[in-house]
Structure formats: C-alpha cells, structure tokens
Amino acid sequence: MISAFTGTDVRAAEQPLLDPRSDGGAVLMQRAAHGLAAAIVSELRARGQRFAGSGVTVLAGKGNNGGDGLFAASFLARRGMRTTAVLTAGSAHTEALAAFTAAGGRVLILDSGSNAGSNAGNAEELAVLCAGDDVVIDAVLGTGARGGLRGAAAELVAALQELRPRLVVACDVPSGVDADTGEVHWPVLDAQLTVTFGGIKAGLLADPGEGCAGRVQLVPIGIESLLPAPVLRRFSTADLAALLPSPGRRAHKYSRGVLGVVAGSEKYAGAAVLSVHAAVVSGAGMVRYLGPAAVARQVLARTPEALWEGAGAEGANGSGGAWPGRVQAWLVGPGLDGAGQLENARDALAAALDGGQPAVVDAGALELLPDRCPPHWILTPHAGELSALLGRSEMPVTREDVESRPLHFVRLAAEHTGATVLLKGATTLVASPSGAVFSQSEGCPWMATAGSGDVLAGILGALLAQCAGPGMDDDGAFAALGVAPEDRWAALGAVAVSLHGLAGSAASGVSRARFDAGAGGGPVTALGIADAVSGVWAQIVADRL
Ligand SMILES: NC(=O)C1=CN([C@@H]2O[C@H](COP(=O)(O)OP(=O)(O)OC[C@H]3O[C@@H](n4cnc5c(N)ncnc54)[C@H](OP(=O)(O)O)[C@@H]3O)[C@@H](O)[C@H]2O)[C@@H](O)CC1
Ligand SMILES: Nc1ncnc2c1ncn2[C@@H]1O[C@H](COP(=O)(O)OP(=O)(O)O)[C@@H](O)[C@H]1O
Ligand SMILES: [K+]
C-alpha cells in the first residue's frame with residue numbers, strides 16, 4: 001500500500017526534528033539532497049547515459065526547496081557533472097548556495113527587471129540554456145508554496161516547457177503543483193521523475209498534479225514514524241493479490257455471488273453487452289440481466305452465461321418490473337434510455353435500498369439517486385457526470401472545475417450523497433463518505449475509449465457480488481492492510497479500478513509506467529479490456545502463495 005500525506009502533515013512531522021541546537025533541519029535537508037542526487041545518478045544510468053561530463057541545471061527558488069536542489073547539484077558537481085544554478089528569486093538558501101559554488105557550480109540569476117548584471121539572463125535566454133543540459137532540476141517551489149509560479153519564473157518555466165528538456169527531475173513536487181490536493185497553478189514544468197521527501201505528497205497521486213509528476217520516488221529522511229494517518233492511499237499489485245476474492249472449496253454459483261444488472265437499451269445496447277460480459281469474466285457466480293428482449297439477445301449472443309430475467313417494466317405484459325431472482329449486488333445504469341429501462345433502474349435501486357445490498361450506480365442511474373444513499377452504493381461518474389450530480393444538489397460546478405480539483409469534488413460528493421464515489425479519469429479517485437480516499441492509476445490512456453467505463457462497472461459489480469455473497473468474509477484481508485471497515489467499499493472500488501487498469505494495460509501491451517516513459521502500446525477496445533481480466537487476475541494471484 002502506498003500512503004500519501006499533505007505537505008502540511010509532512011512539514012508538521014519535521015517540526016520536532018528542527019531543534020536549532022542540533023541543527024536537525026540541516027540534517028534533514030542533507031538527507032533529502034543526497035536522495036535527490038542519488039536518484040538522478042540512477043536515472044541517468046538507467047538511460048545508459050554517463051553522468052561524468054553531463055550537464056545539470058537547477059532552477060532554485062529562495063526557500064528550502066531551492067536549498068535541496070542546490071545541495072543535490074553540489075553533490076552531482078563533486079561526481080563530475082557540469083552544474084549551473086538559475087536563481088529564480090534573486091536569492092537562495094545561504095548554506096546550500098555556498099556549498100554549490102564551493103563545488104564549482106556556475107550561478108546565473110533570472111532577470112526580473114532589477115537583477116540585470118553580468119550573470120543575469122532573461123527567461124527566454126535561460127530557457128534555451130537549460131534545455132541544452134542533460135538534466136533540469138525543478139527546485140523553485142515545494143511544500144511552502146502559496147499559489148503558483150509568478151513573473152519571470154513563470155515565463156522561464158513556460159518557455160522551457162515548450163522546448164521539451166531531455167530530463168526534468170522535480171524536487172519534492174513539480175513547482176506549481178499543490179502538494180496537498182494535486183491542483184495545478186500553471187505553468188508547470190512536466191517532470192519525468194519526482195523525488196519526494198519524508199512522505200509521498202497527496203498532490204502527486206491526484207490529477208492534474210499526478211500528470212505533471214512522472215515517476216514518483218520517495219526518499220526517507222527519518223520523519224516517517226511521526227507522520228499522521230495518510231489522506232490518500234493506493235493499492236499496489238501485491239495488495240491486490242491479497243484482496244481479490246477467491247471461491248471456497250465448496251463454493252457453488254449462488255455462494256459465489258449473484259449480480260443483478262439493469263443496463264442498456266435499444267439505443268445503447270452495447271453498454272449492456274459490455275457490462276454483463278465484464279461482470280461474468282470478473283468472477284460473478286451468476287449474472288441476471290433485466291432489459292428489453294432485443295438487447296437481451298445481443299447480451300446472450302456475446303455472453304451465454306448470463307440469465308435474462310425478462311423486460312421488467314418494458315415487458316409486453318407491463319408486469320411492472322418485479323425482480324424475479326435473488327441477487328447479492330446490483331449494477332444499475334450503463335446505457336439506460338427510454339421510460340421502461342428507467343423504471344427498471346428505479347425498481348432495482350429501490351430493491352437495493354430495501355434489501356441493504358451493495359450497488360454500482362453508473363451513468364443514467366446517477367439521475368435517480370435518493371437524497372441520501374448508503375455507503376455500500378458506489379457511484380461511478382466521470383467528471384461531466386459528477387458536475388451534473390453536484391449541480392442537481394444545487395452545487396453548480398462545471399466539468400472543468402471537477403477536472404481541476406478532482407480530490408476536492410470527489411470528497412464533497414461522497415460527503416453530500418452518503419455514497420462511496422468513484423470518480424473516473426486518468427487517475428481514478430474513490431472517496432468513502434468517511435473522508436478516506438483511494439487513488440489508482442494503472443490504466444494507460446489507450447483505455448479512454450467508448451465502453452471502457454461500462455466494463456469497469458461490470459468488474460466492480462462482480463466484485464461487490466462476490467464480496468457480499470453468503471459466506472464471503474474478506475474484511476480480514478482489508479484490515480491487514482489498515483483499511484477500516486467503513487472504508488471497505490471504497491477499497492473494493494479501488495481494487496476494481498486497479499484490475500480494470502491492469503487489464504487495459506495488458507490488452508494494450510504497455511504498462512502505465514512504460515507509457516509515461518514514452519513506450520507506445522496499441523489501441524484497445526472495451527471488450528478487449530474485459531477479455532484481459534481473467535488472465536491478469538490469474539497472474540496477480542499466482543504470487544499469493
Ligand atoms: N523543513 C525542512 O527542514 C525540510 C524541508 N525540505 C524541503 O523544503 C521544502 C519546503 O521549503 P520552504 O518551507 O522553505 O518552502 P518552499 O516550498 O521552498 O518555498 C517557499 C519560499 O518561496 C516563497 N514563495 C511561496 N510561494 C511562492 C510563489 N507562489 N512564488 C514565488 N515564491 C513563493 C516563499 O517566500 P515568501 O513569499 O513567503 O516571502 C518562501 O521563501 C520542501 O518542499 C522540501 O523540498 C526538505 O529538505 C526536508 C527538510
Ligand atoms: N487518459 C486515461 N488514462 C487511463 N484511463 C483512462 C483515461 N481516460 C479514461 N480512462 C478510463 O476509461 C474509462 C472511461 O469511462 P467512461 O468515461 O465512463 O466511458 P464510457 O462511458 O464510454 O464507458 C474510465 O474507467 C477511465 O478511468
Ligand atoms: K519543486
């Protein structure tokens with residue numbers, strides 16, 4: 001499990017160690033800077049690049065973040081790298097600057113109008129100079145930032161971003177990314193590697209911040225035992241091995257978990273085909289489908305394992321949508337259209353509410369929510385659907401608002417609805433109404449394809465049915481990872497997102513990490529994602545013994 005903290009929490013954890021008599025702050029900074037320098041050396045080696053003789057430029061702000069960057073550059077200078085520092089605020093951490101110059105580093109000053117001198121340069125000139133170097137260290141702003149880059153520093157970063165430097169390493173966080181929330185104050189220099197100190201900052205695991213950070217590497221500095229509970233958590237593939245359900249020896253199809261699905265319509269038949277298929281391949285003991293006969297024919301043609309339970313409210317006899325078979329969990333919403341399917345969806349949600357069953361509430365069914373939902377309902381909106389959902393609750397926000405502050409709005413939606421909310425995106429966030437949040441980002445961008453969300457809904461529905469099935473008790477596995485019982489639904493949501501992402505990446509032939517590093521991968525279809533699930537699942541749990 002990866003834990004993430006606010007920058008404020010990390011700073012607070014440092015406080016007891018900052019006793020001036022023991023110069024604890026300097027010790028912490030040395031550890032951070034050593035870790036940063038070592039990470040740069042490893043990265044260059046991994047790229048097959050010699051570091052002796054290579055050039056590194058550090059963009060250094062006037063705070064401790066700049067201090068970290070300057071000390072790290074001084075270590076790199078001592079290992080034979082050519083080092084340049086660009087002081088973005090005209091001044092810098094005194095001891096770090098002294099160490100840097102003593103190690104032979106060249107100091108340039110970003111001209112902000114008042115700094116014109118022989119070693120001063122304007123944003124355009126310095127951007128060209130930085131872009132010519134092998135490595136740029138972004139050490140302008142860290143956890144002490146208020147807002148984003150301004151003035152000449154903003155101009156320098158914007159110009160440098162255009163020039164696409166070869167390797168950007170962010171010191172603690174990319175400057176302009178809010179360490180607590182992942183909100184971004186543009187411009188930001190995209191990093192390929194972010195080396196972060198003491199604790200991973202939550203802003204590195206939430207978009208849009210995560211999108212600027214590249215690979216994140218944690219450098220321990222001795223404050224770890226002083227950190228509070230994390231604000232954000234992410235399951236690793238090893239965690240998934242422990243959390244994915246497996247049938248007992250005497251399992252039968254009913255004990256494995258039965259999922260009821262209300263999805264699709266004549267207009268959007270594919271949503272039913274995809275979500276039912278994904279649920280079946282994700283281990284549900286049985287899937288009962290309710291919807292129009294014409295859609296059911298297509299569902300069964302692709303997935304003969306599913307059971308058609310009739311057309312419900314849309315049926316020729318107008319039987320009112322009574323649900324014939326028992327289910328342990330529900331999936332309601334993908335591709336709904338027309339009065340009959342909407343009526344079926346309403347009935348299914350009412351049955352779930354009465355029966356206390358968990359439910360995935362997706363797409364069209366998000367418009368049918370009661371005022372207050374139970375926490376075992378998992379709402380699965382994308383940013384546009386979340387903005388509409390909040391809008392219906394008289395909280396007018398645009399899709400762009402949600403995209404720029406996803407962590408804030410997913411928490412708000414969970415708090416407001418009482419449900420668990422899974423906000424889909426490149427990084428998907430799952431918020432429990434308790435306030436706990438999980439973040440997963442295994443999927444590669446090839447997965448941004450129509451129907452991909454329907455597949456996720458099917459995977460999640462199947463997991464809910466299996467974990468809610470009679471005799472299934474997976475609380476132990478979640479508790480062993482420190483997940484509180486009330487956050488189990490959000491954790492299950494995160495497991496589904498992770499599985500979906502890994503399946504999509506397998507189908508595409510590229511992991512997220514490799515995609516971010518520049519590897520290509522290929523297009524995937526939604527059905528292709530579903531079809532990769534069982535292989536990926538088997539591979540994950542193969543390491544369980
Ligand atoms: N504590 C420790 O020992 C350890 C800390 N560590 C490191 O310290 C970092 C935090 O350092 P920090 O607190 O000095 O803040 P930092 O992010 O460098 O910037 C603040 C400076 O910039 C200024 N400023 C603020 N906003 C601005 C803006 N928008 N645009 C322009 N300027 C702005 C602000 O000045 P002010 O505006 O207040 O005059 C202030 O001077 C942390 O990320 C980690 O790297 C590690 O070494 C581990 C040990
Ligand atoms: N850039 C991306 N990288 C990785 N996954 C993505 C990206 N964009 C979208 N996804 C994933 O693709 C799915 C799209 O879901 P959704 O928007 O509901 O599509 P649809 O309604 O067509 O099924 C979500 O699971 C989302 O997390
Ligand atoms: K930084």
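These are my entries, in the order in which I looked things up.

**Domains.** I reminded myself that this is a predicted model. I began with the division into domains, and found domain 1 at 2–232 and domain 2 at 250–542. Their C-alpha centres are 40 Å apart. Where the two touch, I counted 13 residues from domain 1 and 14 residues from domain 2. On the domain 1 side, 5 of the touching residues are nonpolar, 4 polar and 4 charged.

**Ligand 1.** Next I asked which residues come nearest to ligand 1. From a shell of 26 residues, the answer is Gly63, Asn64, Asn65, Gly142 and Gly144. I noted 9 nonpolar, 11 polar and 6 charged residues in the shell. Two helices, α2 (24–46) and α3 (64–78), each give at least two residues to it.

**Core.** The largest nonpolar core has 186 residues, and Leu70, Ile137, Leu259 and Val495 touch the most other members. Helix α17 (residues 488–508) contributes the most, with 13 residues. I wrote down that this core lies between domain 1 (2–232) and domain 2 (250–542), because both give residues to it.

**Helix α11.** This helix covers residues 339–355, and its 17 residues reach 24 Å from first C-alpha to last, close to the 24 Å expected. Which of its residues are buried? I found Gly340, Gln341, Asn344, Ala345, Ala348, Leu349 and Ala352. The spacing made me recall that residues three or four places apart in an α-helix point the same way, because there are 3.6 residues a turn. The cover over the buried residues of α11 includes strands β12 (258–262), β13 (286–290), β15 (329–332) and β16 (359–361). Just after α11, I saw that Gly356 has a positive phi of about 65 degrees.

The bond from Trp186 to Pro187 is cis, with omega near 5 degrees; Pro187 sits in the loop between β7 (168–171) and β8 (193–197). Asp207 to Pro208 is also cis, with omega near 0 degrees, and Pro208 is in the loop between β9 (200–201) and α7 (209–213).

Arg164, in the loop between α6 (151–163) and β7, has a positive phi near 50 degrees. Asp172, in the loop between β7 and β8, has a positive phi of about 75 degrees. Are they buried or exposed? Arg164 has 9 C-beta neighbours inside 10 Å, so I put it down as exposed. Asp172 has 29 inside 10 Å, so it went down as buried.

Note on methods. Residues are numbered from 1 along each chain as its sequence is written. Chains are lettered from A and ligands numbered from 1 in the order in which they are written. This is a predicted model: local features need pLDDT of at least 70, side-chain atom pairs count only at pLDDT 80 or more; totals for chains, interfaces and linings use all residues. A residue is near a molecule or strand if its C-beta atom, placed from the backbone, lies within 6 Å of it. Helices (H or I, at least four residues) and strands (E, at least two) are DSSP runs, numbered from the N terminus. Ala, Val, Leu, Ile, Met, Phe, Trp, Tyr, Cys and Pro count as nonpolar, Asp, Glu, Lys and Arg as charged, and the others, Gly among them, as polar. Domain bounds come from an automatic or database domain assignment. Two residues are in contact if their C-beta atoms, placed from the backbone, lie within 7 Å. A nonpolar core is a set of buried Ala, Val, Leu, Ile, Met, Phe, Trp, Tyr and Cys residues joined through C-beta atoms within 7 Å. A residue is buried if 20 or more other C-beta atoms lie within 10 Å of its own, exposed if 12 or fewer, and partly exposed in between; C-beta atoms are placed from the backbone. The expected span of a helix is 1.5 Å times one less than its number of residues.
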